[in-house]
Each structure stands twice: as structure tokens, then as C-alpha cells.
Amino acid sequence: MRTTSRYRAVARMVATIGVVSLVAACAGNAGAPGGAATGGSAGAGGYPERNITFVVPFSAGGPTDTVTRMIAEPMAAELGAKVVVQNAEGAGGTVGAGEVARADPDGYTVLMHHIGMSTAPALYKDLGYKPLENFEMVGLVTEVPMTIVARKDFEPKTLQDLVTYVKANAGKVTLANAGIGAASHLCGLLFQTAAGVKLQEVPYEGTGPALTDLVGGQVDFMCDQTTNTSGQISAGEVKAYAVTTPERVRSLPDLPTTTEAGLPQLQVSVWHGLYVPKGTPQEVVQKLSEALKVALADKGVVDQMAKLGTAPVPAGDATPQALRAKLEEQLATWAKVIADAGVKAS
């Protein structure tokens, strides 16, 4: 997937603090000789005794990959191990997730996944795994806000103007997204539901080309993560209407929330969580969760996330219980939204 210059800059910044990229297909829980964040001696209780593989089910340089690399080094230091980041992209994140579901439940294969963990069962007929049954939860990591943005010369000036305009011009307004099941696609579905309109959707193979065409004026508007759009908004390359979270984003203080802008039904964020295969010993899950809390409190991680318009979750949410509750709620929410929209992934 092509990425924005903002992502590439952050990826380079993360690499300089010691997390080296290893781009490879996921191979279960096998370690790798390169691309490791190095910690100290093995932790108490015998775990960990070798490399831990963090599987990212999306391509290198994207938002999930970037967040993973942010937390990998401080988690490695806390665990006293090496953390290897592997990219196993394909089928909206289901390839990598399936590999982790089938890996040995020993704590050496960890999955970082986003909101797609909750939407895949509704999108894919033969998924091959069940999110609540085939994984142990480690904890939530972050929730990235979404923004509603348009080409800079698009006529509507406010979010309410946008809703009025698309209702009157539904047949000719184009709504871009990064493909079926992508965060931008899901947010777009919620926008259409909240606005009570069905629009002409234009899917792309990733956020990069979608945002490029938006900046170039080839499509009218889209909904995407602050990690993708903050740079373009600040530079005046796109018109921004709102952020889809209850509170404003620190990096975009002048951008109203959807509630402030008059569309409170549109509330969505791209949340990320850590998982391990079902049957992983609870003491190992707990060690990973505690290491996650330490990483999320790290000043470097906090500062890097802030530059991307997001923040680590509170320590109370970096737990197996919080992630399970979030996943259960989101599975129910998206099953209805996707069924109502009649969307299926091929």
C-alpha cells in the first residue's frame, strides 16, 4: 500500500530508536535473525526465552505497522527479550490474523490488529477463525480518530452543509475509500447511515492513492484516520469538516467533533489491540499486558502518537478484559452496519 509522506517520516523516526523493519510473510511463530528490538535478560518464570514475533497483518509503513513499531522496543525492554516485527498482509488483515490463530499458544507469536478484527466476520463468508474463540486478549493499544475531508474546492463549507449537499446530489457525489473493509470504507458506511443517503463509492487499493486523488480533485470526499490526513489538513490541501470522536484532536484543535458539527450519530475510531493464540498460558498473557502498559506510558511513544493525532489508551484499557469488552461490542455494532449496507468481501 502506498503511504503518505507523513507516514514515511514517522516510520523513519521509529526506525532510528532501534526497531528495525522485517518485511516478510508470517510463518507461524518462527523467529528471525534480523529486525529485532533488543531487551535484556529473560524475564522471570522462564518466559520469554527467545525472540517474540509481533505479526502485523498489513503492509509495512501503514498505520497499524507504525503503531506496532512504536511499542515494540519499550515492550522488548520490559520483557527482557527481542521483538521481531513481521508483516503478513492480505485479505483485509485476515491472512495474518489466521496465521496467528493457528500458531503455537506459547506467547511467542503476538498479533497487532485494528478495528478489522471486529468487521471481518461480517465481511468474509469463510474466515477460518473466530475472533472471540481463537484468541486470548492482551489489551487495547490506541484509538485513532477519523476525519471527514473533501477536495479543497468542494462546495459545502460545514458538515451540515455537506449532509444537505450530498442528499441533493447523491447521484453525482463520489465518496472515496481504501477498499472494502478498510477503516475509510467503514466510516463512509456510517456517514451514509447517519446522513440517510446512499452515495457512489469509489474504492482504491489503499489510503495513499485515495488521498492522492482527493487532493488532486478526482473524487469529492472521504473519511479517514488522522494519521493519514493531519498533514494534508494542516497544509490546506484538503477541506476538513469534523473529527469523529467525542473530543477534539490535539494536533487539529480547530477541527470540530461530529457532535459539535451537528452529526452526533457518526462516532468511530480505529482501535488497535494485541492478541495471542487461544490457550496461551494466563501468566504469559499477563506479562505481555503489563509490558504493554509500560510501553504505552513511555514518553517517546506518547510523543510519537501525539504527532499522528492520537494517544495511548489509559492503563486500565491495556488489559485483556477491556479488549474483550471492546471486541464484543464492536462485533455486534459492525455486524448490523455491514448487513444493512449489504456489503461482502470477495
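His185 counts as buried because its relative accessibility is 4%; buried means under 20% relative accessible area, exposed over 50%, and partly exposed in between, with a 1.4 Å probe and protein chains only. Display its surroundings next: leaving aside residues up to four places away in sequence, His185 touches Asn177, Gly179, Ile180, Glu201 and Val343, contact meaning heavy atoms within 4.5 Å.

The model is predicted, so local features need pLDDT of at least 70 and side-chain atom pairs count only at pLDDT 80 or more, while totals for chains, interfaces and linings use all residues. Residues are numbered from 1 along each chain as its sequence is written, and side-chain values use heavy atoms, with hydrogens and water left out.

Proceed to helix α8, residues 226-234, which is mostly covered, with 7 of its 9 residues buried. The buried positions are Thr226, Thr227, Asn228, Thr229, Ser230, Gln232 and Ile233.

Now select helix α2 (residues 63-79) together with helix α10 (residues 299-307). Their axes come within 9 Å and cross at roughly 170°; axes are lines fitted to C-alpha atoms, for helices over the stretch in contact, and angles run from 0 to 180 degrees between N-to-C directions. α2 is therefore roughly antiparallel to α10, on a scale where angles under 35 degrees count as roughly parallel, over 145 as roughly antiparallel, 65 to 115 as roughly perpendicular and the rest as oblique. Show the side chains at this contact: Val67, Met70, Ile71 and Pro74 of α2 meet Val301, Gln304 and Met305 of α10. By class, the contact has 6 nonpolar, 1 polar and no charged residues; Ala, Val, Leu, Ile, Met, Phe, Trp, Tyr, Cys and Pro count as nonpolar, Asp, Glu, Lys and Arg as charged, and the others, Gly among them, as polar.

β2 and β3 pair in the parallel sense over 5 bridges, two strands being paired if DSSP finds at least two bridges between them. Ile52 stands opposite Val83 in β3. The chain runs from β2 through α2 to β3 in a right-handed β-α-β crossover; right-handed means that, with the strands pointing away from the viewer, the path from the first strand over the helix to the second runs clockwise. Of the 6 residues of β3, 5 are buried, so the strand is largely enclosed by the rest of the structure.

In the loop between β1 (36-38) and β2, find Pro48; a cis peptide bond joins Tyr47 and Pro48, with omega about 0°. In the loop between β3 and α3 (94-101), find Ala91, which has a positive phi of about 50° although it is not a glycine. Ala91 counts as partly exposed because its relative accessibility is 41%.

Finish at strand β10 (residues 269-277), where 9 of the 9 residues are buried, so the strand is largely enclosed by the rest of the structure. Strand β4 (residues 109-113) pairs with β10 in the antiparallel sense over 3 bridges, and Leu111 has Tyr275 of β10 as its bridge partner. Strand β5 (residues 135-151) also pairs with β10 in the antiparallel sense, over 9 bridges; there, Phe135 stands opposite Pro277 in β10.

How values were computed: Helix = DSSP H or I, 4+ residues; strand = E, 2+ residues; numbered from the N terminus.
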